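Please keep the sequence and the structure in view while reading.

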Amino acid sequence: MSKIELININKYYGDNHVLKDLSLTIEDGDFMTLLGPSGCGKTTTLRVISGLERPQGGVMLIDGKEAINAEKAFYLEPSKRGLNLVFQSYALWPHMTVFENIAFGLKIQKLPKAEVEKRVRDALKMMRISEFEKRYPNELSGGQQQRVAIARAVASNPRLLLLDEPLSNLDARLRIDMRSELLRLHKDLGTTIIYVTHDQVEALTMSTRIALFKAGELSQVSTPVELYMNPIDLQAADFIGNPRINFLEGRAELEADGLRVRSPLGEHLFPKEDMTEEAVPKGEFPVVVAVRPEQIRIETHETPGCLPVTVYANQPAGSETLVSLQAGKSDFLAKQLGLVHYKINQQLYVHIAPEKINIYNADSTRLIKRARVDSSSMPV
C-alpha cells in the first residue's frame, strides 16, 4: 500500500508563501501528475513528499501513518518513507557501468549478492536496456541514460516512485518513447507514481489523475478527460489544450428550463442538468463561451443548424489543418485532421455540438455549464 495524504501543507521560502494550505490525496496505485507552469509549487510539493523539504505547517500521512507533522516538528527521514526519486538530471555515476549504477543503492542496503544481481537484471529487462549493462553513462544517449536512472529507482522496489520532469531534457521523439515506457512500467509494477511536469501532453497521456496547480494552490484535481473537457475556471481552460481553447464573449440568463446564452455562436438553451453547482447572478450577466478547436466541424455547404463563417487564415500542418474563422466580429480556431486548403475570405459553415460547449461566468471566471463527457470526448 502507498496512499499519500497531504493536509493543509504550508511552505515558505523567506516571505514567499510557496504552498498555501495544500491538501491532496494520492490513492494507492495512482499515476498522479502534478501539472502547472513554472513557479506554481508542483516541484516543491514533490520535495515535501520526498523529505527533501520540510514544510512549516501541515500533516502528511503515508498509508495512514504520520510522515510529517509540522506542529510537532516531526519529519520522517526520507530513507524511511519507502520511496525513490528520479530527477530531471540523470545523476548517474560516470565512473560506474550501467549495472554498477543500478546496483549501487542495493549494495548500500547490504542485500545478498544474488538478490542484487536479480533486481538489477529485472530492472534492466523492464526498461529494455539489458544490452547496455557494461557500458558507461557517456556511452549512452540521453534517452538511454534516463532509462538507467529509472531502472535504478525501480530496482529498490519502492512503494512510491517520484519523477521530477524526467523527460524534459529529451527530444520530442524520445519523450514519446519514454512516455510509453513509463505507462508500461506503471502497469507492470502497480507502484504509486507521482510525476511532476509542465507539459500537458505528458499529463493527459499518462496519468490516472492530474492535480493542476495555480500559484501554490490546487486549481483542480480530476481525471485527464474531465480536466480536458471541463476545466474548473478560465485560467485552467486556457492552460489545457493544444491548440488552445476558443473564448468568445456572450450574455446569459437563467430561465426555468435552463441557461439561455447568446454569443457569436448563436443562441443556445442549455439544460439545467448540464450546469455546475456554481451560483449564477439574477438577470442577464456576462459569460465566456469556450469551445475547443477540434470540436468544431467545418462544412463547405449550408446544412440545418450550421453557423455561417468566413476564413481568415488557413494553416496546413501535415497531419492536421488549423483554420482561423470569423463569425461577425469574433475570431475562433477550428482544427481538422489531414491536409485541407481553404481560401482566405471563403464562405464556410460550422457545426458545434451544444453539449461540448463550456460556459464560464465572466466575473467569477468559474465554470457554470459543463461539457458532457463520453468516449468520443478524448483529446485528439
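## A nonpolar surface patch

Ile108 counts as exposed because its relative accessibility is 56%; exposed means over 50% relative accessible area, buried under 20%, and partly exposed in between, with a 1.4 Å probe and protein chains only. This residue lies in helix 2, which covers residues 98-108. Helices (H or I, at least four residues) and strands (E, at least two) are DSSP runs, numbered from the N terminus.

Together with Trp93 and Phe104, Ile108 forms a nonpolar patch on the surface, and the three have about 300 Å² of accessible area together. Patches are made of residues with over 30% relative accessible area and no salt bridge; like charges are joined within 9 Å, and nonpolar side chains (Val, Leu, Ile, Met, Phe, Trp, Tyr) within 5 Å. Accessible areas come from the Shrake-Rupley method with a 1.4 Å probe, and for residues only the protein chains shown count as cover.

## Basis of the model

The model is predicted: local features need pLDDT of at least 70, side-chain atom pairs count only at pLDDT 80 or more, and totals for chains, interfaces and linings use all residues. Residues are numbered from 1 along each chain as its sequence is written, and side-chain values use heavy atoms, with hydrogens and water left out.

## The chain as a whole

The chain contains eight helices and 22 strands. Its C-alpha trace spans about 75 × 50 × 35 Å along the principal axes. Of its 380 residues, 51% count as buried. The chain exposes about 18300 Å², of which carbon and sulfur atoms supply 50%.

Contact means heavy atoms within 4.5 Å. Among contacts between residues at least 6 apart in sequence, 64% join residues at least 24 apart.

## Helix 2 and its cover

Helix 2 also has a buried set of residues, namely Val98, Phe99, Asn101, Ile102, Ala103 and Leu106. The cover over these buried residues includes helix 3 (113-126) and helix 4 (142-154). Just after helix 2, Lys110 takes a positive phi of about 60 degrees.

Leu124 belongs to helix 3. With a relative accessible area of 1%, Leu124 is buried. Leaving aside residues up to four places away in sequence, Leu124 touches Val98, Phe99, Ile102, Ile129, Ser130 and Glu133. Leu124 and Ile102 are 22 residues apart along the chain, and their C-alpha atoms are separated by 8.6 Å.

Five strands form an open sheet in the order 2-1-4-5-6, with antiparallel pairing. Its edge strands are strand 2 (16-26) and strand 6 (74-75), each of which pairs on one side only. Two strands pair if DSSP finds at least two bridges between them. In general, strands of a sheet pair through backbone hydrogen bonds, either parallel or antiparallel.

Strand 1 (residues 4-13) and strand 2 run antiparallel and are joined by seven bridges. Tyr12 stands opposite His17 in strand 2. Helix 1 (residues 42-50) lies across strand 1, strand 2, strand 4 (57-62) and strand 5 (65-69), and runs at about 65 degrees to strand 2. For such angles, axes are lines fitted to C-alpha atoms, for helices over the stretch in contact, and the angles run from 0 to 180 degrees between N-to-C directions.

## Salt bridges

A salt bridge is a side-chain nitrogen of Lys or Arg within 4 Å of a carboxyl oxygen of Asp or Glu. By this rule the count comes to 24. One of them joins the side chains of Asp188 and Arg184 (3.4 Å, N to O). Asp188 and Arg184 are four residues apart in helix 5 (residues 172-189), so about one helical turn separates them. An α-helix has 3.6 residues a turn, so residues three or four places apart point the same way. Asp188 is partly exposed at 44% relative accessibility, and Arg184 is partly exposed with a relative accessible area of 29%. A network of salt bridges links Arg128, Arg147, Glu181, Arg184 and Asp188.

Glu267 and Arg262 also meet in a salt bridge through their side chains (3.4 Å, N to O). Glu267 counts as partly exposed at 47% relative accessibility, and Arg262 is partly exposed at 37% relative accessible area. A further salt bridge joins the side chains of Glu299 and Arg297 (3.0 Å, N to O). Here Glu299 is partly exposed, with a relative accessible area of 24%, and Arg297 is partly exposed, with 47%.
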